[in-house]
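The structure under discussion is shown below.

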Amino acid sequence: MAKKQFKTESKKLLDMMINSIYTHKEIFLRELISNASDAIDKLYFRSLTDDSVNVKSDEYEIRISIDKQARTLTLTDNGIGMTKEELENNLGTIAKSGSYDFKNNSDNQDIENIDIIGQFGVGFYSAFMVSDKIVVESRVHGNNESFCWTSTGADGYTITECNKDTYGTKIILHIKEDTDDEKFEIYLEEYKIRELIKKYSDYIRYPIKMLVSKQELKEGSENEYETITADEILNSMIPLWKKNPSEVTDDDYANFYREKFYDFQAPIKTIRQKAEGTTEYTALLFIPSHAPFDYYSRDYEKGLQLYSSGVMIMDKCKDLLPDYFSFVKGLVDSSDLSLNISREMLQHDRQLKAIAKALEKKISGELEKMLKNDRDKYEEFYKAFGAQLKWGIYNDYGMHKDVLQNLLMFKSSKDKKLITLKEYVERMSDEQNKIYYASGDTVDKIELLPQVESVIERGYEVLYLTEDVDEFALQMLRNYNEKEFLNVCTDSLDLDSDEEKETLNEENKKNEELFSYIKDCIGDGVTKVRFTNKLQKHPVCLTTEGAVSMGMEKVLNKMPGAEDNKVKAEIVLEININHPLAKRLTDLYENDKEKLSDYSIILYAQARLISGLSIDNPAEISDLVCNMML
Ligand code: ADP
């Protein structure tokens, strides 16, 4: 029988597994046991609707046996089994989930390997970290034929017909020879297998059995022992979330999370909730410490696993999590849900809605607690998922702002650290009645905006918004604790006294012709030109009128489909009335309009640059400035 080649991607991954320097090789056992358990689940599911599957629930089992002479470790399950095609497809190609990032990482060497192994539960192939040959015999329940898949590694695999007399799958690992650095022999030791199962697979719902020899007192004797060989169940089979919390360590939760949700890092927070009363359920939730690689993409699917009395009925129940908490992983187990409930029915299920509501409250409560009691941890969380909370505020017309607004943080002008809105408001002086903010690409750039400088100069704190979603979220919130949000680069910034305003108004009126001339020189770029007295040392700045700020204009026009339908902020060029330049411009208007025209164009370009915007005509500006130098 000719050898078949693995698909390219799979081959690379396989190579990595075989040559892996990964220190946690032991996880292979957990991976194979999970697969076996999944396979039994599948048969069990089928038995619910297919009468021909006549398996009693206590017959399901996973079995492990060790043959030291032959150096083999064998895992058997009586699950759904694989057809010839399935052996080919499932074991000839790596799991889809892994392939995406694998592509991106495949050029880098071992450091990346570790991530891949940890991140994606690469499953079956991990067995090649400890084996130099793997034989998989499988027979689908109800089929007569069985097939055998054999591989000694990257050179390919063969599939032949075989004689497996029971349904399910048997995986025979030929354990590698020991090297100077590594003892693979330990995987042929009973104690090690016991230890690994306790560590990683204790909660598996099906018994993991092993034939073990024990010394026991001979019947009727008080000091004579005999060797008894009997099956022992190595796992407690109690789901982690059903165990007494005092018996479960943080490590247990972390291990469970890593394995079940394919993360290589421990969660930043584990939340366990047991609800009694009208709706009874147990929830075990995890907040990851970092965003999964696909989190901010369309591919990411939110959801919690749903169990009915310890039996999984759905892998990703979307309805249990609001979008803004879509990063939460975990499961809910409720005895109130029927085993055979369909997806459509679930959507309308009142119990489920009640659970979702309670979970939302629990999650936001726990996050608020973290913010209060463990600021560093919260900031780490916020770095990973803060953008999602902000989108949550913006979406659904601000419907969820009450849940989310206290979880928001922004950097501020005070010490450029993240602060909450509550902290901002608490620090406000009595005469301040607005929450000031400014947006830009980076904190440093925002800090240089003339308007920001002038607001800080007056003793006010300014929030620095650096993410696209920020300003949209604040606009949706409108106010916090009755204090309105205000972009300091808009014309609503109103810091002058009545007297100052009046003088300014007069000046503006007097110079209407000048402004109109300047505006004509600039063209479409601005809707208005006027004097201002809010600037300190800068000669000009740009301010917007209306709902769309310059930051928002930038974000909106970046969105897909925006090309034909550009949004335009109404931009005002403001000239510092206290700057010598103001006088110069009025003079030029009287004496040298041509020069004024050049000045206008240059001033507008300067103002754009200061605001963090680009200019359309850099060559023209450069020429104008050059001419002035000569
Ligand atoms: P994953 O479990 O992440 O899908 P694996 O590489 O571990 O990736 O397994 C690939 C596929 O092979 C599984 O999805 C499953 O369809 C099949 N498989 C693996 N082990 C078994 C088994 N013991 N019984 C039946 N099918 C199995």
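**Cysteines and nonpolar cores**

The structure holds zero disulfides, a disulfide being a pair of cysteine sulfur atoms within 2.5 Å. The model is predicted: local features need pLDDT of at least 70, side-chain atom pairs count only at pLDDT 80 or more, and totals for chains, interfaces and linings use all residues. Residues are numbered from 1 along each chain as its sequence is written, and side-chain values use heavy atoms, with hydrogens and water left out.

- Cys-148 counts as buried at 10% relative accessibility, where buried means under 20% relative accessible area (1.4 Å probe, protein chains only).
- Cys-162 likewise counts as buried, at 18% relative accessibility.

**Nonpolar cores**

- A nonpolar core is a set of buried Ala, Val, Leu, Ile, Met, Phe, Trp, Tyr and Cys residues joined through side-chain atoms within 4.5 Å.
- The largest such core has 72 residues, and those with the most contacts inside it are Leu-320, Phe-325, Tyr-378, Phe-381, Leu-389 and Tyr-436.
- Because domain 2 (240-377) and domain 3 (408-488) both give residues to this core, it lies between them; the domain bounds come from an automatic or database domain assignment.
- Beyond its neighbours within four places in sequence, Leu-389 is in contact (heavy atoms within 4.5 Å) with residues including Tyr-324, Phe-327, Tyr-382, Leu-404 and Leu-407.
- A second, separate core comprises 67 residues, among them Leu-13, Ile-40, Leu-43 and Ile-193.

Definitions and conventions
Buried < 20%, exposed > 50% of the residue type's maximum accessible area, 1.4 Å probe, protein only.
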